Amino acid sequence: MKNYKIFTAGEIVGIPYRRQMEWRDELETSLRNASDKSVTFIHLPMFYDNNSIKSKEARDWVINQIKDSDIVVVNLNSIENSVETLFELGIITAINNSSYKHINVVGIGNANINHPWIQLCVNHIEETIEETADYIINYLLV
C-alpha cells in the first residue's frame with residue numbers, strides 16, 4: 001500500500017505556533033477521519049520555529065521535503081504575508097516543469113488570488129478544509 005506524503009505550506013513567521021498549526025491539524029484530522037489511506041503529513045512548524053526557519057538548514061530541509069511530497073496543500077488565506085510560501089510555490093513549479101515528477105498543489109481559501117502567477121502554481125482550490133480533504137481523498141489518494 002502506497003504511503004502518500006502531504007506537505008502543508010502557509011504563513012509561519014510572526015504568528016503564534018497555535019495559529020500556525022490550527023488549519024494544519026484540522027486538515028490532517030479531517031483527512032484521517034474520512035480515509036484509510038496511509039498518509040504522512042509534514043507540517044513545517046513541528047520541525048522549525050519562527051527563529052530557526054530563517055536558516056539555510058531549514059530552507060534546504062523544506063526543499064527536500066517538498067521534493068519528496070506527492071501533494072502540497074497551501075493556505076491561500078494569508079499567502080501575501082508568507083514569503084516562504086511563495087518561494088515554496090516557485091520550487092514546486094520548477095520541479096513540475098522539469099519532468100522530474102509532478103507534485104499536486106491544492107489551495108485552501110480564497111480563489112480570488114490577486115496575482116496570476118500564484119493561480120498558475122495551484123492545481124485546484126477549495127474554500128474549506130473539509131472540501132479540501134474530500135478533494136484529496138477522492139481525486140489524489142488513488
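Predicted model: local features only at pLDDT ≥ 70, side-chain atom pairs only at ≥ 80, totals over all residues.
Figure 1. Ile-118 belongs to helix H4, which spans residues 116–121. Leaving aside residues up to four places away in sequence, Ile-118 touches Leu-76, Ile-79, Leu-86, Leu-89 and Ile-113. One of these contacts, Leu-76, is 42 residues from Ile-118 in sequence, and the two C-alpha atoms are 9.3 Å apart in space.

**Figure 2. The five-stranded sheet.** Five strands form an open sheet in the order E2-E1-E3-E4-E5, and their pairing is parallel. Strand E2 (38–43) and strand E5 (124–126) are the edge strands, each of them pairing on one side only. On average, and with direction ignored, neighbouring strands of this sheet are turned by 25 degrees against each other.

**Figure 3. Strand E1 and its pairing with E2.** Strand E1 comprises residues 3–9 and runs parallel to E2, to which six bridges join it. Strand E1 is mostly covered, as six of its seven residues are buried.

**Figure 4. Helices H2 and H5 against the sheet.** Helix H2 (residues 56–67) lies across E1 and E2, and its direction makes about 135 degrees with E1. Helix H5 (residues 129–140) also packs on the sheet, where it touches E1, strand E3 (71–75), strand E4 (104–108) and E5. The directions of H5 and E4 make an angle of about 160 degrees.

**Figure 5. Strand E3 between E1 and E4.** In the strand order, E3 stands between E1 and E4. Strands E1 and E3 pair in the parallel sense over four bridges, with Val-73 in E3 as the bridge partner of Thr-8. Five of the five residues of E3 are buried, so the strand is largely enclosed by the rest of the structure. Ile-71, Val-73 and Asn-75 point one way from E3, whereas Val-72 and Val-74 point the other way. In a regular strand the side chains alternate between the two faces of the sheet.

**Figure 6. Contacts of Val-72.** Val-72 lies in strand E3 and is buried, with a relative accessible area of 1%. Residues up to four places away in sequence being excluded, Val-72 touches Phe-7, Ala-9, Ile-92, Ile-103, Asn-104, Val-105 and Val-106. For scale, Val-72 and Tyr-17 are 20 Å apart in space, C-alpha to C-alpha, with a separation of 55 residues in sequence.

**Figure 7. The largest pocket.** The volume of the largest pocket is about 260 Å³. Its lining consists of 13 residues, of which Ile-53, Arg-59, Glu-84, Phe-87 and Glu-88 are the closest to the centre of the pocket. H2 and helix H3 (83–97) each contribute at least two residues to this lining. The largest share, five residues, comes from H3. By class, eight lining residues are nonpolar, one is polar and four are charged.

**Figure 8. The largest cavity.** One cavity of 30 Å³ or more is found in a search of the whole structure; the largest cavity has a volume of about 50 Å³. The residues that line this cavity are Phe-7, Thr-8, Ala-9, Gly-10, Ile-12, Arg-24, Leu-44, Ile-53, Ser-82, Glu-84, Thr-85 and Glu-88. Strand E1 and helix H3 each supply at least two residues of the cavity lining. The lining divides into five nonpolar, four polar and three charged residues. Ile-53, Glu-84 and Glu-88 are among the residues that line the cavity, and they are also among the lining residues closest to the centre of the largest pocket.

Technical notes
Residues numbered from 1 in each chain as written. Heavy atoms only, no water. Pairing = 2+ DSSP bridges. Axes fitted to C-alpha atoms, helices over the stretch in contact; angles between N-to-C directions. Contact = heavy atoms within 4.5 Å. 1 Å grid on protein atoms, 1.4 Å probe; cavity = no way out; pocket = protein on both sides within 12 Å on 5 of 7 lines; lining within 4 Å. Points joined across faces, edges and corners; volume = space filled by probe spheres on them. Nonpolar A, V, L, I, M, F, W, Y, C, P; charged D, E, K, R; others polar. Buried < 20%, exposed > 50% of the residue type's maximum accessible area, 1.4 Å probe, protein only.
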